[in-house]
Amino acid sequence: MKNGFSGLFAALLLCGAAGAGEIVLEENFNDPAAATKLWGKMSGITFLENGGPDGSGCLKAFSDNRTPVLATRLLDLEKVRGRKVTVTVLIKGENVQKPPESYLGPKAMIYVMKDGKGTWHEHSGRLFGTHDWKQFQVVADIPQDATKVELQFGIQGAPGTVYFDNIKAVVE
Ligand SMILES: [Ca+2]
């Protein structure tokens, strides 16, 4: 029993559990080549070398129709199961048309798969038209039995261009 603490610590390390407040994903797109390898890309997604704040790299999603254009990246299930995940992201919009459906337009989402069904958690305060960099947030409580958790950023159901940068996912 005297090794209980170290044993527990080793177990935590082995299963990759994240501590409260731990950053489980951070992406600033300042290395577009690395971002290309790490992110899933639909047609319409590009990584820019200097389109971000202060001339840094960023993610660009462009659509001239209503087809979804998303960049995706998986979160480590072991780090997020049973936890509240908060994702913050900077978004800039250019000529984004407002669609009839309130849930469409610029998209910053946490996609959660459980029991074969998917649920999308969306960012609040969606903006349209043209606007400068602004921080948005999306929050999701991840079930203990989630089978897939993925970040998705882009544009859906509305023509326009949306830029993303400084993505950070933190668990509580
Ligand atoms: Ca950047």
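Colleague: Is F29 buried or exposed?
Modeller: This is a predicted model, where local features need pLDDT of at least 70, side-chain atom pairs count only at pLDDT 80 or more, and totals for chains, interfaces and linings use all residues. Residues are numbered from 1 along each chain as its sequence is written. A residue is buried if 20 or more other C-beta atoms lie within 10 Å of its own, exposed if 12 or fewer, and partly exposed in between, with C-beta atoms placed from the backbone. F29 has 26 C-beta neighbours inside 10 Å, so F29 counts as buried.

Colleague: Where does F29 lie, and what is its phi?
Modeller: Helices (H or I, at least four residues) and strands (E, at least two) are DSSP runs, numbered from the N terminus. F29 sits in the loop between β1 (23–27) and α2 (32–38). Most residues other than glycine have a negative phi. F29 is not a glycine, yet its phi is positive, near 55 degrees.

Colleague: Is D54 buried or exposed?
Modeller: D54 belongs to the loop between β3 and β4. Its phi is also positive, about 60 degrees, although D54 is not a glycine. D54 has 7 C-beta neighbours inside 10 Å, so D54 counts as exposed.

Colleague: Why is strand β4 largely enclosed by the rest of the structure?
Modeller: Strand β4 covers residues 58–63. It is largely enclosed because five of its six residues are buried.

Colleague: Which residue of β11 is the bridge partner of L59?
Modeller: Two strands pair if DSSP finds at least two bridges between them. β4 pairs with strand β3 (residues 45–48) in the antiparallel sense over four bridges, and there L48 is partnered by C58. Five bridges join β4 to strand β11 (residues 160–171), again antiparallel. In β11, the partner of L59 is F164.

Colleague: Which residues touch the most other members of the largest nonpolar core?
Modeller: A nonpolar core is a set of buried Ala, Val, Leu, Ile, Met, Phe, Trp, Tyr and Cys residues joined through C-beta atoms within 7 Å. The largest one has 36 residues. Strands that each supply at least two of its residues include β3, β4, β5 and β11. Those touching the most other members are L59, I110, F153 and F164.

Colleague: Which residues does L59 touch, not counting those up to four places away in sequence?
Modeller: Two residues are in contact if their C-beta atoms, placed from the backbone, lie within 7 Å. By that test, L59 touches F29, I45, F47, A71, F153, Y163, F164 and D165.

Colleague: Which are the edge strands of the open sheet of five strands?
Modeller: The order is β2-β5-β10-β7-β8, with antiparallel pairing. β2 and strand β5 (residues 69–74) pair over two bridges, with K41 facing A71 as bridge partner. Edge strands pair on one side only, and here they are β2 (40–41) and β8 (117–122).

Colleague: Which residues is Q135 in contact with, leaving aside its neighbours within four places in sequence?
Modeller: Q135 is in strand β9 (residues 129–141). It counts as exposed because it has 11 C-beta neighbours inside 10 Å. Its C-alpha atom is 9.0 Å from that of K92, 43 residues apart along the chain. The contacts of Q135 are T88 and L90.

Colleague: What percentage of the chain counts as buried?
Modeller: The chain has three helices and 11 strands. Of its contacts with a separation of 6 or more, 76% are between residues 24 or more positions apart. Of the 172 residues, the buried share is 33%.
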